Amino acid sequence: MKDCIFCRIVNKELPTEIVYEDDEILAFVDINGLAPVHILIVPKEHIESINDLDDKIGGKDLAGKLIMIAQKIARDKKIASDGYKLLFRVSKHGQQEVPHIHLHLIGGAQLEENIGVA
Ligand code: 5GP
Ligand code: ZN
């Protein structure tokens, strides 16, 4: 999608530090990391949010794949055993800023509890 920042990253129109890529998925370092490791894992296809996943587009496979790639990156970054957070923000109340599905992988240090009612 032309005006989507993550589609532009997928199409290599914007510079970014890529940590994983296959036919369907790209993972890259968050520009404004909240922790020593902060990676965004995105489908290459433009899908707005978790609300748009269904069986017609293989939603279960895609959701599973995003999580399994997060697990692999956590292992590669050697943060798996200490632990990390995985986060999907969804739409307005979920504070999703970029309307292209992305799974946050956040870790590399002890994290605080910081998700609550605004
Ligand atoms: P959201 O709030 O939608 O869950 O998260 C969007 C994330 O995308 C934020 O953590 C933000 O720092 C990151 N982000 C926004 N624009 C860019 C960009 O141009 N490049 C990269 N690498 N990350 C971005
Ligand atoms: Zn997009």
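Biologist: What arrangement do the donor atoms around the zinc ion (ligand 2) make?

Modeller: First, the general idea. Donors are N, O and S atoms within 2.8 Å of the metal (3.2 Å for Na, K and Ca); water is not among the atoms, so sites may look incomplete. Four donors count as tetrahedral if all angles lie between 85 and 135 degrees; four count as square planar and six as octahedral if opposite donors are over 155 degrees apart and all others between 65 and 115; anything else is irregular. Now the case here. The arrangement around the zinc ion (ligand 2) is tetrahedral because its 4 donor atoms subtend angles of 105 to 117°.

Modeller: Keep the source in mind. This is a predicted model, in which local features need pLDDT of at least 70 and side-chain atom pairs count only at pLDDT 80 or more, while totals for chains, interfaces and linings use all residues. Residues are numbered from 1 along each chain as its sequence is written, chains are lettered from A and ligands numbered from 1 in the order in which they are written, and side-chain values use heavy atoms, with hydrogens and water left out.

Biologist: Which protein donors does the zinc ion (ligand 2) have?

Modeller: The donors are Cys4 (SG), Cys7 (SG), His46 (ND1) and His100 (ND1). They lie 2.1 to 2.3 Å from the zinc ion. Their spacing in sequence reads C-x2-C-x38-H-x53-H. Cysteine 4 and histidine 46 link distant parts of the chain, 42 residues apart. Cysteine 4 sits in the segment before α1, histidine 46 in the loop between β3 (37-43) and α2 (59-76). Helices (H or I, at least four residues) and strands (E, at least two) are DSSP runs, numbered from the N terminus.

Biologist: Is cysteine 4 buried or exposed?

Modeller: Read the relative accessible area. Buried means under 20%, exposed over 50%, partly exposed in between (1.4 Å probe, protein chains only). Cysteine 4 has 5% relative accessibility, so it counts as buried. Histidine 46 has a relative accessible area of 25%, so it is partly exposed.

Biologist: On to the other ligand. How many residues surround ligand 1?

Modeller: A residue is near a molecule or strand if one of its heavy atoms lies within 4 Å of it. Here 17 residues surround ligand 1. The closest are Val29, Asp30, Glu97, His102 and His104. By class, the shell has 8 nonpolar, 6 polar and 3 charged residues. For these classes, Ala, Val, Leu, Ile, Met, Phe, Trp, Tyr, Cys and Pro count as nonpolar, Asp, Glu, Lys and Arg as charged, and the others, Gly among them, as polar.

Biologist: Which polar side-chain atom lies 2.8 Å from an oxygen atom of ligand 1?

Modeller: A polar contact is a pair of N or O atoms within 3.5 Å; within protein, one must be able to donate a hydrogen and the other to accept it, and residues adjacent in sequence count only if both atoms are side-chain atoms. The atom you ask about belongs to histidine 104. Backbone atoms take part too. A backbone N or O atom of valine 98 is 2.9 Å from an oxygen atom of ligand 1. For isoleucine 31, a backbone N or O atom is 3.2 Å from a nitrogen atom of ligand 1. The protein covers 86% of the 520 Å² of accessible area that ligand 1 has on its own. Such areas come from the Shrake-Rupley method with a 1.4 Å probe; for residues, only the protein chains shown count as cover.

Biologist: Which elements give two or more residues to the shell around ligand 1?

Modeller: They are α1 (5-10) and β2 (25-29). The most come from α1, with 3 residues.

Biologist: Where is histidine 104 found?

Modeller: Histidine 104 is in strand β5 (residues 103-107). Its relative accessible area is 6%, so it is buried. Its side chain also makes a polar contact of 2.8 Å with that of histidine 38.

Biologist: Last topic, backbone angles. What is the phi of lysine 12?

Modeller: Lysine 12 has a positive phi of about 60°, although it is not a glycine. This residue is in the loop between α1 and β1 (18-21). Lysine 12 is partly exposed, at 47% relative accessible area. Lysine 78 also has a positive phi of about 60° and is not a glycine. Its place is in the loop between α2 and β4 (84-87). Lysine 78 is exposed, with a relative accessible area of 71%.
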